[in-house]
Amino acid sequence: MNSPLDAWDISADDFPADGNSEEKLWFLVRYAVLAPSSHNSQPWKFRIHGNVVELFADFTRALPVMDPDNRELVLSCGAALFHLRTAIRYFGQACDVEILPEAGDPTLLARVHMGFKCDTNAEDILLFNAITKRRTNRGPFLSEAVPGALLTALSRVAAEEGAWLRVIEGDEARFSTADLVAEADRIQWADKRFRNELAAWLHPNRSDSRDGIPGYAQGDGALPAYAGPAVIRTFDLGKGQAAKHWDIALYSPALVVLGTDTDTPADWVLAGQALDNLLLCARVEDVWASFLNQPIELPHMRPRLATLVGRDGFPQILLRLGFGADVKPTPRRSVQEFIIKQPQHVIALTPS
C-alpha cells in the first residue's frame, strides 16, 4: 500500500522534458500540492488543457466555523499557485498568470499559461529546492534570533506579490500579541462547533489519512496526548491551549504579520502567493515557520492586530519564525484526486 507521504518523494530528474505541455503540467502540479493549507485540508483542484492549467477552490473542503468567508481557503490556494509558478520557472518555462479570470465563476481562482522556454536564475533554483523542505513546524524553536537581513528580504518578497509584512518588535508589542492569541484561543475553544471541526482534521499517527494533521505534526503547542477527537468535541480545553500559545507567541524568535491593503478574494490569492514566497525564502536560510492565526480568524479581533502593528489594512497571516529541528511532512492526497477531467463531449473547434 502506498504511503500518505509518497507525494513528497518526487525528483526533478523525472520531469518529462521531451513530453507535451499537458504531460509537463501534470508533473508540475505534483509540486503545487505540497503547499501549506489550513488544517492540511488541501482545498484545491486543477484543470489542465494544452499549455494552460486552471486553479480552482474546492469548497467541499472548507472550514465553515474557523474560516466562514473561505479567506484562508483561498489563501491556501494562492500558496499552491506560487508553488506551481516556482516549479514552472525552475524547469525553464515562462508563465503568465490571470487572477480570478472569470467573473461568473468564483471557484476559478487563477489561470496559468505556460509559455516558451526561458532562463532559470539562481533564485528560481533556491526556491524550487526549498519546496520539498518546507513544513509547518509546530515544534519548539531555538532562542537564536532570525537575522534582520532575512526579515528585510521577506518584507521585500511579500511586497513583490502585492502584500505587506510587519515584524512585531519590542516587549510591549510582543505581550500584546501573545494576549490576542490567548484571548482568541479561549473564544474559539468555547465554541463546540469549532471543536467538532478541529477534531475532524486531527488524526493519530497510525492513520492512513492523506489529509489533516497527524499527531506527530502537532508540535510543542499540541493538545495533551489523551485529547483524541471525542475529548476535543466534549471538553473546552481553551484555557490550556491559550496558556501554551501565549508562551509560544511571546518567546518566538520572530513574529511577523502578513497583510494586504484591501480584503477581496483577489487580495487573498495574492496574500497566499506572498505567504508561500516568504516561507520558501525562509527555508532557503533554514528558518522554519508556523501559524498563530487565531486573532485574525475572529473578525472583531482582526482590527486590533492591525492597530498593534501600526499598519492600515487587513492582517491575513500571523507567523512565528525560528530555527529548530527538522520535522516530517504532513500527508498528501494523490495528484489524480486534484485533477478535474475534461468533459468527454467537448469538441475542440479550429478556425476556418
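Reader: Which residue lies over the face of Trp288?

Author: The model is predicted, so local features need pLDDT of at least 70 and side-chain atom pairs pLDDT 80 or more, while totals for chains, interfaces and linings use all residues. Residues are numbered from 1 along each chain as its sequence is written, and side-chain values use heavy atoms, without hydrogens and water. A charge counts as over a ring if NZ of Lys or CZ of Arg is within 6 Å of the ring centre and within 35 degrees of the ring normal. At 3.6 Å from the ring centre of Trp288, the residue is Arg283.

Reader: How many aromatic pairs does a search of the whole structure find?

Author: Rings of Phe, Tyr and Trp (its six-membered ring) pair if their centres lie within 6.5 Å; planes under 30 degrees apart are stacked, over 60 edge-to-face, and the rest tilted. Searching the whole structure gives a count of twelve.

Reader: What is the distance centre to centre between Phe15 and Phe91?

Author: The planes of Phe15 and Phe91 are at 20°, and the pair is stacked. Phe15 lies in the segment before helix H1 and Phe91 in the loop between H2 and E3, so the pair ties together parts 76 residues apart in sequence. Helices (H or I, at least four residues) and strands (E, at least two) are DSSP runs, numbered from the N terminus. The centres of Phe15 and Phe91 are separated by 4.0 Å.

Reader: Is Phe91 buried or exposed?

Author: Buried means under 20% relative accessible area, exposed over 50%, and partly exposed in between (1.4 Å probe, protein chains only). Phe91 has 14%, so it is buried.
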